[in-house]
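Dear colleague,

I am passing on the structure that we spoke about, and below it you will find some notes on what turned up when I went through it. Please keep it open beside you while you read.

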Amino acid sequence: MTARMGNPAVVVPGAMDALQAAHKAVSGTGISERTLELVSIRASQINGCGVCLDMHHKIAKKHGETDDRIHVLAGWRDTSYFSDAERAALAIAESVTRLADRTDAVPDAVYDEAAKHYDEAQLGALILHVGLINVWNRINIATHQLAGGAWA
């Protein structure tokens, strides 16, 4: 497979700067980089984005994430590896990524649990982060960007 085109975030003037600025804002709220990377990996698993899966497991490892936690991330509900705050972030990630899967896309129970662990700015950042990784997933999948290429 070859890419259909260059990455739109690079091809469209100013797009990469805007996406990077949004990521920087999210990172400045105090949510751990490990949690944000877990969220990125989980959303990318759901969406099937090879580029993001390849990239974010490497970034997670640089932030001290373990192989065990990365390997079982798709089954996070059935392990003891994740804290309550991480579980809340992963539940938000799944709900926001799968908006069309149910009429109550982000149930109150999921939102309320996340609000127990994150202040308003952090919860907003978490939701923005899920939106951003979904944007990247959609860009990469729509244009057939390849894992292990320039993004590795």
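Predicted model: local features only at pLDDT ≥ 70, side-chain atom pairs only at ≥ 80, totals over all residues.

Which residue forms a salt bridge with Glu94? The partner is Arg42, and the closest N and O atoms of the pair are 2.7 Å apart. Because Glu94 lies in helix α6 and Arg42 in helix α3, the pair ties together parts that are 52 residues apart in sequence. Glu94 is buried, with a relative accessible area of 6%, and Arg42, at 8% relative accessibility, counts as buried too.

Just after α3, Gly48 takes a positive phi of about 75°.

Helix α4 has 13 residues and reaches 19 Å from its first C-alpha to its last, which is close to the 18 Å expected at 1.5 Å a residue. Val51, Cys52, Asp54, His56 and Ala60 are buried in α4, and their cover includes α3, α5 and α8. Asp54 has a relative accessible area of 17%, and is therefore buried; it lies 27 residues from Tyr81 in sequence and 21 Å from Tyr81 in space, C-alpha to C-alpha. Just after α4, Gly64 takes a positive phi of about 95°.

The cysteines deserve a careful look. How many disulfides are there? The count comes to 0. Cys49 is in no disulfide, although the sulfur of Cys52, the nearest cysteine sulfur, is 3.6 Å away. A disulfide requires the two sulfur atoms to be within 2.5 Å, so the 3.6 Å between the sulfurs of Cys52 and Cys49 is too far for a bond. Cys49 is buried, with a relative accessible area of 1%, and Cys52 counts as buried at 2%.

Across the whole structure, a search finds 9 salt bridges. Arg34, Glu65, Arg69 and Glu86 are linked in a network of them. In another, Lys116 and Glu113 meet with 3.2 Å from N to O; being 3 residues apart in helix α7, they are separated by about one helical turn. Lys116 is exposed, with a relative accessible area of 63%, whereas Glu113 counts as partly exposed at 29%. Asp101 forms a salt bridge with Arg98, the closest N and O atoms being 3.8 Å apart.

Finally, Met5, Val10, Val11 and Val12 make a nonpolar surface patch of about 350 Å². Val12 sits in the loop between α1 (8-11) and α2 (15-27) and is partly exposed, with a relative accessible area of 44%.

Methods: Residues numbered from 1 in each chain as written. Heavy atoms only, no water. Patch = residues over 30% accessible without salt bridge, like charges linked within 9 Å, V, L, I, M, F, W, Y side chains within 5 Å. Areas by Shrake-Rupley, 256 points an atom, 1.4 Å probe, with all protein chains shown as cover. Salt bridge = Lys/Arg side-chain N within 4 Å of Asp/Glu carboxyl O. Helix = DSSP H or I, 4+ residues; strand = E, 2+ residues; numbered from the N terminus. Buried < 20%, exposed > 50% of the residue type's maximum accessible area, 1.4 Å probe, protein only. Expected span 1.5 Å × (residues − 1). Contact = heavy atoms within 4.5 Å.
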